[in-house]
Amino acid sequence: MTRELVTARLVLRRPKPGDVDDLHQVFSSPEAMRWWSTTPHETVEKTAEWLDGMIAADPELSDDFVIEAQGRVIGKAGFWRLPEIGYILHPDYWGQGLATEALTAVIDHILATRTVERVTADVDPDNAASIRLLRRLGFEQTGAASRTWRVGGVWMDSLYFGLDRDRWKSLKTP
């Protein structure tokens, strides 16, 4: 199993218990968590529980990384449940192309190491930045559904996106 992916500005690596404080900065941020499937983490213990689950995930079903920039964990990107991609960044790092860089690395990784033919994503219809990111990477909308996630007592909707192996390859070939 690949331990680390390195890009121009990032190191994507497997999570470890010592990442909890940096990850709590992400998962306790209402801004970062606006489109996540849970409410912001109120305690470090809640983040530690989430991190424990990420560390213990079955590698046959999951292929997930924390994102490190300049020695600090600033988020996560990868496949929390294959073939569905998931990602989150601390708001201080938004708008710098880091999500594009991280997702490009994990998509390249998954298509090089797994027999996955299609990568998928589930995004709230109001999450315009994430929709733009996915489209920029070549994802195409494949469907929509109402009331798919209940977060903090509020129902959220979903747009579904997909990116197949051949399309990714064609977009990467000059």
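The radius of gyration is taken here over C-alpha atoms, and the globule rule is 2.2 Å times the number of residues to the power 0.38.

**Entry 1: overall size**

I noted that this is a predicted model, and I started with its overall dimensions. For 174 residues the rule puts a compact globule near 16 Å, and I found 15 Å for the protein, so the two agree. I then looked up the extent of the C-alpha trace, which spans about 45 × 35 × 30 Å along the principal axes.

**Entry 2: elements**

I counted 5 helices and 8 strands. Reading from the N terminus, I wrote down the order as β-β-α-α-β-β-β-α-β-α-β-β-α.

**Entry 3: surface, burial and charge**

I looked up the accessible surface and got about 9200 Å², with 51% of that area belonging to carbon and sulfur atoms. Buried residues account for 44% of the 174 in the protein. What share of the contacts with a separation of 6 or more comes from residues 24 or more positions apart? I read 59% for that share. For the charges, I found 21 positive and 26 negative ones, and their mean positions lie 4 Å apart.

**Entry 4: helix α1**

My next stop was α1, which covers residues 20-27. I listed Val 20, Leu 23, His 24, Val 26 and Phe 27 as its buried residues. Looking down the axis of α1, I saw these buried residues fall within an arc of 155°, so they line one face of the helix. A reminder to myself: an α-helix has 3.6 residues a turn, so residues three or four places apart point the same way. What do the buried residues of α1 pack against? I found α2 (44-56) and the strands β3 (63-69), β4 (72-81) and β5 (84-89).

**Entry 5: Lys 76 in β4**

I went on to strand β4 and picked out Lys 76.

**Entry 6: the loops on either side of β4**

I looked at the loop between β3 and β4, where Gln 70 sits. Gln 70 is not a glycine, yet I read a positive phi of about 50° for it. Gln 70 has a relative accessible area of 80%, so I marked it as exposed.

In the loop between β4 and β5 I came to Pro 83. The peptide bond joining Leu 82 and Pro 83 is cis, with omega at about 5°.

**Entry 7: Glu 84 and Ile 85 in β5**

I followed the chain into strand β5, which holds Glu 84 and also Ile 85. Glu 84 has 12% relative accessibility, so it goes down as buried. Ile 85 has a relative accessible area of 4% and is buried too.

Which residues is Glu 84 in contact with, leaving aside neighbours within four places in sequence? I noted Gly 78, Phe 79, Thr 120, Ala 121 and Asp 122. With the neighbours within four places left out again, my list for Ile 85 has Gly 78, Phe 79 and Trp 80, then Leu 103, Val 106 and Ile 107, then Val 119, Thr 120 and Ala 121, and finally Phe 139. I also looked up Ile 85 with Val 6, a pair 79 residues apart along the chain, and found 18 Å between their C-alpha atoms.

I moved on to helix α4 (residues 128-136) and stopped at Ser 130. Ser 130 counts as buried, with 9% relative accessibility. Its contacts, beyond neighbours within four places in sequence, are with Tyr 87 and Val 123.

Arg 147 has a positive phi of about 55° although it is not a glycine. I put Arg 147 down as exposed because its relative accessible area is 52%, and the cut-off for exposed is over 50%.

Definitions and conventions. Residues are numbered from 1 along each chain as its sequence is written. This is a predicted model: local features need pLDDT of at least 70, side-chain atom pairs count only at pLDDT 80 or more; totals for chains, interfaces and linings use all residues. Side-chain values use heavy atoms; hydrogens and water are left out. Helices (H or I, at least four residues) and strands (E, at least two) are DSSP runs, numbered from the N terminus. Buried means under 20% relative accessible area, exposed over 50%, partly exposed in between (1.4 Å probe, protein chains only). Contact means heavy atoms within 4.5 Å. Accessible areas come from the Shrake-Rupley method with a 1.4 Å probe; for residues, only the protein chains shown count as cover. Lys and Arg count as positive and Asp and Glu as negative; His and the chain ends are not counted. The place of a charge is taken as NZ of Lys, CZ of Arg, CG of Asp or CD of Glu. The arc is that of the directions from the helix axis to the C-beta atoms.
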